[in-house]
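Colleague: I have some questions about this model before I set anything up. Could you go through them with me?

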Amino acid sequence: MKKVLITGGIGQIGSYLVDRMQDDHQVTVLDNLSSGKKPELSENVSFIKEDIRSSVAKELAADNDIIIHTAAQISVARSMDEPVFDADNNVFGTLNLLEGARAGNIEKFVYISSAAVYGNPEYLPIDEKHPQNPMSPYGASKLCGEKYCSMYHKAYGLPAVSIRPFNIYSPRQDPTNPYSGVITKFIDRVKDGLSPVIFGDGSNTRDFVSAHDVVNMILLLTRGKGENGEVYNVGTGLTIRIDELARMIIDIFGSDVDIIYDKPMPGDIKHSSACISKARDMGFEPEVDLYRGLEEIIAK
Ligand SMILES: NC(=O)c1ccc[n+]([C@@H]2O[C@H](COP(=O)([O-])OP(=O)(O)OC[C@H]3O[C@@H](n4cnc5c(N)ncnc54)[C@H](O)[C@@H]3O)[C@@H](O)[C@H]2O)c1
């Protein structure tokens with residue numbers, strides 16, 4: 001069985017990866033538990049409570065066939081307050097793992113970047129060639145991680161590849177995460193019989209992609225699809241208005257609450273939409289329809 005190291009394996013994406021890989025891989029999870037979640041893993045998964053910046057992490061990266069690097073400081077808000085903390089985790093943590101991987105004989109290094117690398121869209125839908133002008137330290141640190149991955153591929157021949165997911169959602173999303181928490185926030189309010197609050201007129205759009213689809217994309221890459229040194233958008237290729245999202249959630253609950261409209265948030269990106277042609281060309285096809293994905297969260 002191939003040995004796979006999943007950093008951040010207690011988190012949203014990491015835990016779904018563990019579920020999907022544990023039967024036919026020798027899985028090691030490395031997570032410092034900074035998200036506060038409890039490790040609930042089956043016996044055939046090794047768990048190491050360590051930081052990605054540690055020497056243990058570096059040694060593990062050298063000792064596995066596949067490394068899937070999901071661990072990160074993921075809060076845009078926190079990155080604005082503590083840019084050095086953000087870079088320390090996301091840049092030096094990634095570099096430490098790449099250095100470990102370089103010393104080993106790995107088959108694949110998959111890095112989870114983010115659509116935050118693009119900043120304010122200059123055109124839509126956003127393809128991978130779109131200028132990358134991050135508007136937060138988080139976006140800058142994720143971009144830096146990607147650049148290291150492609151540089152390690154070019155300079156050292158490391159089989160590294162990056163993905164840029166758009167807004168990920170799933171029942172395992174951290175409800176305290178202010179990054180893409182609009183779905184969780186709407187659900188929390190409507191569940192309690194309260195109106196969802198929209199900042200702005202509701203016409204903002206986003207590409208919400210299910211964590212299951214992001215995991216499908218990562219698995220394709222671990223099975224040899226895609227090109228090393230490259231970066232791939234991961235989204236649905238569809239956009240939804242924020243007011244439509246709110247109405248879907250109200251509908252699933254069978255509620256009759258109205259939507260409350262508040263002042264737009266300063267700096268909020270108006271529209272975001274992913275071009276996923278490059279991912280489609282390598283065999284990716286999003287499977288989870290948003291309504292069904294929302295039902296899964298609400299049924300949890
Ligand atoms: N959530 C989104 O909408 C979104 C969108 C695009 C990209 N991403 C990226 O996807 C990846 C996974 O996100 P997620 O939603 O699963 O996040 P998550 O917060 O659910 O999981 C991240 C995990 O990493 C661990 N971790 C954080 N810092 C660590 C460190 N220094 N050492 C070891 N472990 C550490 C945390 O304890 C947590 O379990 C991240 O790299 C994030 O930047 C997320």
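Colleague: Is C275 buried or exposed?

Modeller: Bearing in mind that this is a predicted model, C275 has a relative accessible area of 18%, and because the cut-off for buried is under 20%, C275 counts as buried.

Colleague: And how does C144 come out in terms of accessibility?

Modeller: C144 has a relative accessibility of 27%, so C144 counts as partly exposed.

Colleague: How many disulfides are there?

Modeller: The count is 0 disulfides, going by the sulfur-to-sulfur distance rule. For C144, which is in no disulfide, the nearest cysteine sulfur belongs to C149 and lies 9.9 Å away, whereas the cut-off for a disulfide is within 2.5 Å.

Colleague: Changing topic to helix packing, at what angle do α1 and α7 pack?

Modeller: Helix α1, residues 12–21, packs against helix α7, residues 211–222, at an angle of about 60°, and their axes are 10 Å apart. That angle makes α1 oblique to α7, and α1 passes α7 in a right-handed crossing.

Colleague: Which residues make that contact?

Modeller: On the α1 side the contact is made by Q12, I13, Y16, L17, R20 and M21, while α7 contributes A211, H212, V214, V215, N216, I218, L219 and T222. Sorted by class, the contact of α1 with α7 has 9 nonpolar, 4 polar and 1 charged residues.

Colleague: What about α8 and α10, how do they cross?

Modeller: The axes of helix α8, residues 242–253, and helix α10, residues 290–299, cross at roughly 50° and come within 10 Å. That makes α8 oblique to α10, and α8 passes α10 in a right-handed crossing.

Colleague: Who is in that contact, and how do the residues divide by class?

Modeller: From α8 the contact takes in L245, M248, I249, D251, I252 and F253, and from α10 it takes in L290, Y291, L294, E295 and I298. The residues of the contact of α8 with α10 divide into 9 nonpolar, no polar and 2 charged.

Colleague: What is V56 in contact with, neighbours in sequence aside?

Modeller: Once the neighbours within four places in sequence are left aside, V56 is in contact with I48 and E50. As for L97, which is 41 residues from V56 along the chain, the C-alpha atoms of V56 and L97 are separated by 9.9 Å.

Definitions and conventions
Residues are numbered from 1 along each chain as its sequence is written. This is a predicted model: local features need pLDDT of at least 70, side-chain atom pairs count only at pLDDT 80 or more; totals for chains, interfaces and linings use all residues. Side-chain values use heavy atoms; hydrogens and water are left out. Axes are lines fitted to C-alpha atoms, for helices over the stretch in contact, and angles run from 0 to 180 degrees between N-to-C directions. Helices (H or I, at least four residues) and strands (E, at least two) are DSSP runs, numbered from the N terminus. Angles under 35 degrees count as roughly parallel, over 145 as roughly antiparallel, 65 to 115 as roughly perpendicular and the rest as oblique. A crossing is left-handed if the near helix is turned anticlockwise from the far one by less than a right angle, and right-handed if clockwise. Contact means heavy atoms within 4.5 Å. Ala, Val, Leu, Ile, Met, Phe, Trp, Tyr, Cys and Pro count as nonpolar, Asp, Glu, Lys and Arg as charged, and the others, Gly among them, as polar. Buried means under 20% relative accessible area, exposed over 50%, partly exposed in between (1.4 Å probe, protein chains only).
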